[in-house]
Amino acid sequence: MSHNAGMPSVVVHPASRVRGHLPIPGDKSISHRYALPAALAEGTTTISRYAPGADCASTLSCLAALGVTIDGRGAANAHPDQRVVAIQGLGLGGLRAPADSLDAGNSGTTLRLLAGVLAGHPFESVITGDESLRGRPMRRIIDPLSRMGAQLRGNDDRPPIAIRGTALHGIHYTPPVASAQVKSAVLLAGLHASGDTVVTERQATRDHTERALPVFGVSLTRANGTISLRGGQRLRAAEVQVPGDASSAACWAVAAAALPGSDVTLDDVGLNPTRIGFLSWLERAGARIEISSGVPVGDEPIGSLRIRHGHLTALEIGPADVPGAIDELPVLAALATHGGALRVTGAGELRHKESDRISALVAGLRGLGGHVEEQADGFQVLGDRQLTGGTADAAGDHRLAMAFALAAIGAQEPSEIHHADIVDVSYPGFFDILAEISEP
Ligand code: S3P
């Protein structure tokens, strides 16, 4: 693999197999969910293994602009253990009006969760982001937060989002789309609301917010897809450790599953059941996986994974299974280009991610020589021929940049991934690690 300094394109060379034993950097979703309650807590929270990507840095810089003092240690490419963040909480409702608009960068989670928090603060604020984020739908948070009493306005329901916070009242809400970000925005707003805030999910989504809030002393109840909390509870600071990011681990799991002779072990991976749908798909596709459970951190299960290749077979992922593997669908598509096949349906939500993740995925895999079809709510990959290699554009989407690289290692010729530096959003150093574990 050659990596041109200063150039956003990366050349990925074919690999015969991958081998290695890797630490996995802290989870992006969980890092946001420790940073936000920490800012609302009384006392100083220490978060170790804080996620290294730009998205979680955006959450910290927004909190700093809202008056929160944050001390960070550890460069983005430092060993996960070296990444420690200390956040001095301002107490519930204690954030201060920002001098300027808040920049969530590329991070939908930052924008949507922070909007929930700011809905309960009695000042005006504006949250914006990069071009990708400014194209993403926000009606899904504007509706419930408005029902709770806040005033929110978007640019045709897209960012920038102007928020006039107020004294909120609790609601009972059933999100129309399966979205952990929407659920979390409502629950975080509910902390500031009078009475009970209740969210009922039709389809389970990642439950990190529900697991994180009790770590900060919030009492909430969960039963049969319904989460309920009473507003006005005081949050207390905590010492927390972030598990390794299951979505990052999925990259190396896919690489190992794809190439015969591969053997990869990944340590300290978050094994929250709402995140590891990809493991059962890899197993069904033929991979050999060993899981050793570790001692949970906070309320999040962790463990080590060992992944080896097995003969690849076809997969069908339908609507009921999409939320459990939503962010891993691109890398599962990459796996299918190595043999086997993948058909995904009921995944229209992919069109509202950091890119239109269906059309950009199909375009990129085709650019590498893949046999791929686009559907309105999904796609189909037929791994009936080896990729030739070629070019693929990450289209401003970190998960696509990584998926294209994982497809490209199985091609006949080297491939070029354009705008590959977008991996920094969630996984700085991704291409260096790929080079390190790949054998020619
Ligand atoms: C996330 C939830 C999912 C996921 C995103 C992270 C989160 O988005 O795709 O990468 O941390 O809550 P939705 O809530 O839009 O489904």
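Q: Let's start with the ligand. Which residues are around it?
A: This is a predicted model, so keep that in mind. The residues around the ligand are S29, R33, T109, R112, A178, S179, A180, Q181, R206, I326, D327 and K353.

Q: Which helices supply at least two residues each of that shell?
A: α1 (28–40), α3 (108–118) and α5 do.

Q: How far is the polar side-chain atom of K353 from an oxygen atom of the ligand?
A: That distance is 2.7 Å.

Q: And what about S179?
A: A polar side-chain atom of S179 also has a ligand oxygen atom at 2.7 Å.

Q: How much of the ligand's accessible area does the protein cover?
A: The protein covers 95% of it. On its own, the ligand has 380 Å² of accessible area.

Q: What kind of space does the ligand take?
A: The ligand takes the space of the largest pocket.

Q: Back to α3. How many of its residues are buried?
A: 11 of the 11 residues of α3 are buried, so the helix is largely enclosed by the rest of the structure. Among them are T109, R112 and L113.

Q: New topic: S184. Where is it found?
A: S184 is in helix α5, which spans residues 180–191.

Q: Buried or exposed?
A: S184 is buried. Its relative accessible area is 0%. The cut-off for buried is under 20%, so S184 qualifies.

Q: Which side chain does the S184 side chain make a polar contact with?
A: The side chain of T209, at 2.7 Å.

Q: Leaving aside neighbours within four places in sequence, what is S184 in contact with?
A: R33, L113 and T209. L113 is one of the buried residues of α3.

Q: Last one, H13. Where is that?
A: H13 is in the loop between β2 (10–12) and β3 (17–23).

Q: Why does H13 count as partly exposed?
A: Because its relative accessibility is 33%. Partly exposed lies between the buried cut-off, under 20%, and the exposed cut-off, over 50%.

Q: How far apart are H13 and L92 in space and in sequence?
A: H13 and L92 are 51 Å apart in space, C-alpha to C-alpha. In sequence they are 79 residues apart.

Terms used. Residues are numbered from 1 along each chain as its sequence is written. This is a predicted model: local features need pLDDT of at least 70, side-chain atom pairs count only at pLDDT 80 or more; totals for chains, interfaces and linings use all residues. Side-chain values use heavy atoms; hydrogens and water are left out. Helices (H or I, at least four residues) and strands (E, at least two) are DSSP runs, numbered from the N terminus. Buried means under 20% relative accessible area, exposed over 50%, partly exposed in between (1.4 Å probe, protein chains only). A polar contact is a pair of N or O atoms within 3.5 Å; within protein, one must be able to donate a hydrogen and the other to accept it, and residues adjacent in sequence count only if both atoms are side-chain atoms. Contact means heavy atoms within 4.5 Å. A residue is near a molecule or strand if one of its heavy atoms lies within 4 Å of it. Accessible areas come from the Shrake-Rupley method with a 1.4 Å probe; for residues, only the protein chains shown count as cover. On a 1 Å grid over the protein atoms alone, a cavity is a set of points where a 1.4 Å probe fits but cannot get out, and a pocket is an open set with protein on both sides within 12 Å along at least five of seven lines; lining residues have an atom within 4 Å of a point. A molecule sits in a cavity or pocket if more than half of its atoms lie within 2 Å of its grid points.
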